[in-house]
Amino acid sequence: MFLATGGFVGNLPLAPGTFGSLLGLPICFFLTKLPAAVSAIFIGLFIIAAVGIAGQAETMLTARDPGCIVIDEVAGQMVALFGLPFNFPVVVGGFLVFRCLDIVKPFPIRWLERRLTGGFGIVADDLLAGLAANLIIRFILYIWP
């Protein structure tokens with residue numbers, strides 16, 4: 001439960017997902033100091049661990065995708081900022097775009113969330129929101145460097 005809730009950040013009464021996403025930012029900073037391949041491997045291993053941890057926590061809590069589980073937001077935030085420069089505008093933009101996509105859940109994010117269950121279901125929609133956020137930030141940087 002400690003890992004699933006991001007050190008119990010997920011138990012905060014207000015905006016646990018947002019605070020969970022904030023937990024991902026120091027990890028993202030650390031990952032920018034590594035070669036891209038090493039970063040990608042770390043993120044992949046983190047995602048695998050997050051799926052297992054989220055699934056176990058969901059079982060323990062006997063609830064489907066409870067809001068206190070925030071390890072999925074950490075994983076999604078890492079995907080959102082993967083391979084991007086770690087500077088103030090990019091980090092703030094990546095954080096905000098990811099949170100908006102994770103909250104609003106436009107197609108196909110909500111579609112995916114409704115069809116998958118267990119740990120994979122908890123994490124998958126955040127990964128897709130993170131991927132979409134990453135692509136949006138890349139597009140913005142392309143047209144407005």
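Which helix gives the largest share of the lining of the largest cavity? The legends below come to that, and every view shows a predicted model.

**View 1. The largest cavity and its lining.** Helix α6 (residues 118-143) is the answer to the opening question, with 3 residues in the lining of the largest cavity. Around the largest cavity you will find Glu58, Arg64, Asp65, Glu113, Leu116, Thr117, Gly118, Gly121 and Ile122. Sorted by class, this lining has 4 charged, 3 polar and 2 nonpolar residues. In general, empty space shows up when a probe the size of a water molecule is rolled over the atoms.

**View 2. Helix α2 against helix α3.** A pair of packed helices is described by the angle between their axes together with the distance between the axes. For helix α2 (residues 36-61) and α3, the axes come within 9 Å and cross at roughly 160°. Angles over 145 degrees count as roughly antiparallel, and α2 and α3 are therefore roughly antiparallel to each other. Their crossing is left-handed. On the α2 side, Phe42, Ile43, Phe46, Ile47, Ala50, Ile53 and Ala54 take part, and they meet Ile71, Val74, Ala75, Met78 and Val79 of α3. By class, that contact has 12 nonpolar residues, with no polar and no charged ones.

**View 3. Helix α3 against helix α6.** Here the axes of α3 and α6 lie 7 Å apart, and the two helices pack at an angle of about 25°. With angles under 35 degrees counted as roughly parallel, α3 and α6 are therefore roughly parallel to each other. The crossing in which α3 passes α6 is right-handed. Look for Asp72, Glu73, Ala75, Gly76, Val79, Ala80 and Leu81 in α3, which meet Ile122, Val123, Asp126, Leu127, Gly130, Leu131, Ala133 and Asn134 in α6. The residues of this contact divide into 9 nonpolar, 3 polar and 3 charged.

**View 4. Helix α3 against helix α4.** Helix α3 (residues 71-81) and helix α4 (residues 88-104) have axes that come within 9 Å and cross at roughly 130°. That angle makes α3 oblique to α4. The crossing of α3 and α4 is right-handed. From α3, the residues Glu73, Gly76, Gln77, Ala80 and Leu81 meet Val90, Val91, Gly94, Phe95, Phe98, Arg99 and Asp102 of α4. By class, the contact of α3 with α4 has 6 nonpolar, 3 polar and 3 charged residues.

**View 5. A cis peptide bond at Pro108.** Most residues other than glycine have a negative phi, and most peptide bonds are trans. The bond from Phe107 to Pro108 is cis, with omega near 5°. Pro108 sits in the loop between α4 and α5 (109-115).

**View 6. The backbone at Phe8.** Is the phi of Phe8 positive or negative? Phe8 has a positive phi of about 75°, although this residue is not a glycine. To find Phe8, look in the segment before α1 (16-32).

Key: Residues numbered from 1 in each chain as written. Predicted model: local features only at pLDDT ≥ 70, side-chain atom pairs only at ≥ 80, totals over all residues. Heavy atoms only, no water. Axes fitted to C-alpha atoms, helices over the stretch in contact; angles between N-to-C directions. Helix = DSSP H or I, 4+ residues; strand = E, 2+ residues; numbered from the N terminus. Parallel < 35°, antiparallel > 145°, perpendicular 65-115°, else oblique. Left-handed = near helix turned anticlockwise from the far one by under 90°. Contact = heavy atoms within 4.5 Å. Nonpolar A, V, L, I, M, F, W, Y, C, P; charged D, E, K, R; others polar. 1 Å grid on protein atoms, 1.4 Å probe; cavity = no way out; pocket = protein on both sides within 12 Å on 5 of 7 lines; lining within 4 Å.
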